Amino acid sequence: MIMLKLKNLFKKSEHNVDFDNLPQHIGIIMDGNGRWAKKRGLPRTGGHAVGAKTFEKIVEDAGNIGIKIVTVYAFSTENWNRPKEEVDTLMSLLEDYLDNGLERLAGRDVKIHFIGDRSAFSDEFQKKICHMEKATETNSGLLLNVALNYGGRAEILNAVKEICHKVQNGEFSCSDIDEKTISDHLYTAGQPDPDLIIRPSGEYRLSNFLMWQSAYSELWFSNLLWPDFSKENLLEAISDYQKRNRRFGGV
């Protein structure tokens, strides 16, 4: 019945999506906001505002399609190096989401989880993050990971430090450390690795996003800029993913 509803909901799509074979976890690098604005003679900050609306719409679409986990790259550890006006705008948009996101998510079964180093943010900002996580923690629908002040290398470094500390405390020995040990100390501990990573904007790299988790992720790139990304593009990426043969190093 659920699959039938999904098929009816998206039946106008030109893409032949198998709703019985969806990627469980999708990562999205939301790139191209500044260039979108520049093409229209607008300040880069205007592109981020439109991109924020696209983010909310795509998350809704992903949940309706039946995706279980979405991880979005909202603000990287390197983004602090951008012009102050742009950083301030991004922080303002993030704070607006923290202040009003629950109201806009009303009626949607979405669980919010923030990943990244929170220590760079103010105490008030961190309290808002915790409040949103607490308010949605019992939801069992789409799990939305929002990567804030996130970097894949920093995440791995943090995991290594935690493991070293536990070895020093005698919680386990060096010989006990394996790939699962690393995975269990990442921000995404307990979650399956992303099956598909989507990056619009014409860039062909991961840019320090989910470096450990993406070892066998399928990648989907597009010249489309993020503010123009739509439900049709999401379905296109999923359809393309479903045509691939995932061998995980085998034959």
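**Close-up views of a predicted model**

**View 1. Glu86 in helix H4.** With a relative accessibility of 5%, Glu86 counts as buried, where buried stands for under 20% relative accessible area, exposed for over 50% and partly exposed for what lies in between (1.4 Å probe, protein chains only). Glu86 belongs to helix H4, residues 84–104; helices (H or I, at least four residues) and strands (E, at least two) are DSSP runs, numbered from the N terminus. Apart from neighbours within four places in sequence, Glu86 is in contact with Arg44, Thr45 and His48, contact being heavy atoms within 4.5 Å. The model is predicted, so local features need pLDDT of at least 70 and side-chain atom pairs count only at pLDDT 80 or more, while totals for chains, interfaces and linings use all residues. Residues are numbered from 1 along each chain as its sequence is written, and side-chain values use heavy atoms, with hydrogens and water left out.

**View 2. Helix H6 and its buried face.** The 17 residues of helix H6 (residues 152–168) should span 24 Å at 1.5 Å a residue, and the 25 Å between its end C-alpha atoms agrees with this; the expected span is 1.5 Å times one less than the number of residues. Gly152, Glu155, Ala159 and Ile163 are the residues of H6 given as buried. Viewed down the axis of H6, its buried residues fall within an arc of 70 degrees and so line one face of the helix, the arc being that of the directions from the helix axis to the C-beta atoms. Strand E4 (142–150) and helix H7 (179–183) are included in what covers these buried residues, whereas the face turned away from the buried side carries the exposed residues Arg153, Lys161 and Gln168. Just after H6, Gly170 takes a positive phi of about 80 degrees.

**View 3. The largest pocket.** About 750 Å³ of space lies in the largest pocket; a volume is the space filled by probe spheres set on grid points, which are joined across faces, edges and corners. A pocket is, on a 1 Å grid over the protein atoms alone, an open set of points where a 1.4 Å probe fits, with protein on both sides within 12 Å along at least five of seven lines, and lining residues have an atom within 4 Å of a point. The lining of the largest pocket comprises 33 residues, of which Met30, Asn33, Tyr73, Ala74 and Asn79 lie nearest its centre. Helix H2 (33–39), helix H3 (44–65), strand E2 (69–76) and H4 each supply at least two residues of this lining.

**View 4. Two residues of positive phi in one loop.** Ser207 is found in the loop between strand E5 (196–199) and strand E6 (218–221), and Asn208 also lies in the loop between E5 and E6. Although Ser207 is not a glycine, its phi is positive, at about 55 degrees, and Asn208, not a glycine either, has a positive phi of about 70 degrees. Ser207 is partly exposed, with a relative accessible area of 29%, whereas Asn208, at 15% relative accessibility, counts as buried.

**View 5. Helix H8 and its packing.** Helix H8 (residues 231–242) has 12 residues and reaches 17 Å from its first C-alpha to its last, close to the 16 Å expected at 1.5 Å a residue. Its buried residues, among them Leu234, Leu235, Ile238 and Tyr241, pack against strand E1 (25–29), H3, E5 and E6.
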